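My entries follow the order in which I looked.

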Amino acid sequence: MTIKVFTAKKIITMNPSWPDGTAVAVRDGRILEVGSMESLSPWLARDEHEVVDFGDAIILPGLIDPHLHPVMAAVLLPMHFVTALEWVLPWQTVPACPDQESYRQKIVELESEMVGDEPFFTWGYHASWHGDMSRKLLDEISSTRPMVVWHRSFHEVYLNSAMLELLEITLDKVGARQQIDFERGHFYEVGLGYAIQKLNRFIMSDEWIRTGLGRLKQIVHLGGHTTVGDLAVGLFDYELERALSVSVLDQANVPFRVLGVPHAATTASLKGGHKEVVAHINELQGSDTSRIRHGKHIKVFTDGAFFSELAMLQEPGYLDGHHGEWLMTPEEFEATVREYWQAEFAIHVHCTGDLGLELAIDTLEKMQREKPRFNHGYTIEHFGFSNPEQVARLGTLGAMISANVYYLFELSEQYAIHSVGFERAYTMSRLGTAVAHDIPVALHSDFPMAPATPLKNAWIACSRQNASGNTAGIEESVSVVDALRAITIDAAAVLGMQDEVGSIRAGKIADFTVIDRDPIEEGEDALRDANVIATVFEGEVFMLD
C-alpha cells in the first residue's frame, strides 16, 4: 500500500521524547514514523509514496473535545440564536444582544418575521444580561404563536401560554413534579426533562434533527476536531440518538469520530435500571466503527447548571443567599456511582459548584476504600467553582479534570459583580493548581454551552482574559504546552483513547489538525488567532473551505 507523507513547516507531536518534525509517514490510516524526509528514508525506500505538502503550516495532533453534545447541538442549532455575546457560526455571525432592551427587541423582531402558526424557538437567554423571563412576558410578545425560550445553560426553558396549551401541559398534569414553576412557564433541571418529553414532537423530528446534525458537522470540522465525546447520550431519546449517530455521523464524509457516553439516569429509566445499563454497554463493546465508538463510560450528575447559577456552593453561597440545586440527592449519587465503579466503568461527573465537587470527591474516596482501582477514569466534568484543598484531594485520588474554561471568559465578570464576588468568580476553572498537582486536565466546550473552538479555549486557559478584557486569576493560568495537552493527549486520556489518538507517534491513528501559526514559538495569542486549514482523519485530508 502506498505511503502518504504529510509535510509542513513544523509538526508538533505532543510526544515529549520526540517533540517535533517536518514530515510524518502514514500507511493504511496509521502513523509509521515522524521526522524528516531524510529520516523517513528507510520506509520510503521500500514502498511507493506520495507527498501531501502543507507548506508553511503547522501540523498538530487531531484536536479533541472530550465533552460535546451532538444531539443537543442538533436540537438547538435550528433555533434562533439570541445571545449576550457574539457567536460566529459557519453560516452566520450572530450579533451580541448584551442587555434586556436589545434582547427583547430582537425576539419581537424575529417573531414578527414568521409566517403562519409555526412555533417560535430561541436559545441564548440569560438573566444576568437579559433580565427577567416568564410566561407573561412571552404572552405579551404573542398570545397566539407557541413560543419557547431556551436558557443559555440548556438546563431551563420558558414556555408561553400558547405552547403550554399546544403541548397539553396543565397545572393538574404537572402536579407536584420538582423544579417546575407552572405559573411562570419555567421548567428547569429535573423539570426540564418533563418539558423535553413534550417538546420532542418538534425538536426530535427527522427534518429538525438532520438539519441540526448537518450544521453540527460544519462546526466540529471548523474547530479542527477529529475526535469528540458525546457526553450524555439519551438526554432526549437514547435509541433514537444512537440511531441518528449511525445514520448521519457514521459516514465517509464525516471527518471525526464520536465516543458516546450514556446519561446514567435517563438510560437506566429506559433500560430498567443501572445493572441493565451496565449489561447493555458491555454488549456494545466490540461494535465500534471508525466514527462511532462505545467505551465503558457513564455520566452522572451532582449539582445544577453553572449558567443558571444552580451550582451547589459551600458557604458563603451566592450573594443573594441561595446555594444552588442538587440534580441527584447525595444518597442517590453515591448509590449510582457505586453501581458503575464496581463494574469498572470510567465515571464522568457533571460537577459545577464546590459543594457538588465535595460530594464527588467524598464519593470517590469512599469508592477507593471499598474497591481500590488504578487508572479508573473518574473525571470531574465542567469544574466551575473549587478550592485548592479540593484540587489536592483530586490529585491524591487519581481523578482527572475536563474543564469548561469558557465559563471564565463569558461569566467571570458578571458573576463577580452579581453572583459570587471576585475571589470565586476570578478563580473559576482552577487549572493552574490542577496542573501543579499533576492532574490530567482536558478542555471542553460542552457545545453548545461554549463555542467549539479548542484553540481559542486553550488561549483562555493561558491568558485568563474574560469578555470584559480583564485578566481573571492569572495565578491559575497554564502554559501553552499544557493548554495544547488539554486539547490533545490529555483530552484523549479523559476518553480512554490515549493509546490511539492525542499525539503524533509511530503506531497511532493518523489524525492531524493543520493550522497557520505556531503557538509554541509565537506564544499564547497564536492560539487565539490561529486558523484551521485542514484536518486529516485516519490519513484522509479534509480541507476547510
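I looked up the handedness of the crossing between helix 13 and helix 14 first, and it is right-handed (the near helix is turned clockwise from the far one by less than a right angle). The model is a predicted one, where local features need pLDDT of at least 70, side-chain atom pairs count only at pLDDT 80 or more, and totals for chains, interfaces and linings use all residues. Residues are numbered from 1 along each chain as its sequence is written, and side-chain values use heavy atoms, with hydrogens and water left out.

I then took the geometry of this pair: the axes of helix 13 (residues 330–342) and helix 14 (residues 354–370) come within 10 Å and cross at roughly 40 degrees. In contact (heavy atoms within 4.5 Å) I noted residues including Phe333 and Trp341 of helix 13, and Leu359 and Met367 of helix 14.

Next I checked helix 16 (residues 406–418) against helix 19 (residues 454–463), and found an angle of about 60 degrees with the axes 8 Å apart. This makes helix 16 oblique to helix 19. Tyr406, Leu408 and Phe409 of helix 16 make the contact with Asn457, Trp459 and Ile460 of helix 19.

Last I turned to helix 3. Ser102, Tyr103, Ile107, Leu110 and Glu111 are buried there (under 20% relative accessible area, with exposed meaning over 50%, 1.4 Å probe, protein chains only). They lie on the same side of helix 3, because they cover an arc of only 160 degrees around the axis. Glu101 and Ser112 are exposed on the face turned away from the buried side of helix 3.

Methods: Helices (H or I, at least four residues) and strands (E, at least two) are DSSP runs, numbered from the N terminus. The arc is that of the directions from the helix axis to the C-beta atoms. Axes are lines fitted to C-alpha atoms, for helices over the stretch in contact, and angles run from 0 to 180 degrees between N-to-C directions. Angles under 35 degrees count as roughly parallel, over 145 as roughly antiparallel, 65 to 115 as roughly perpendicular and the rest as oblique.
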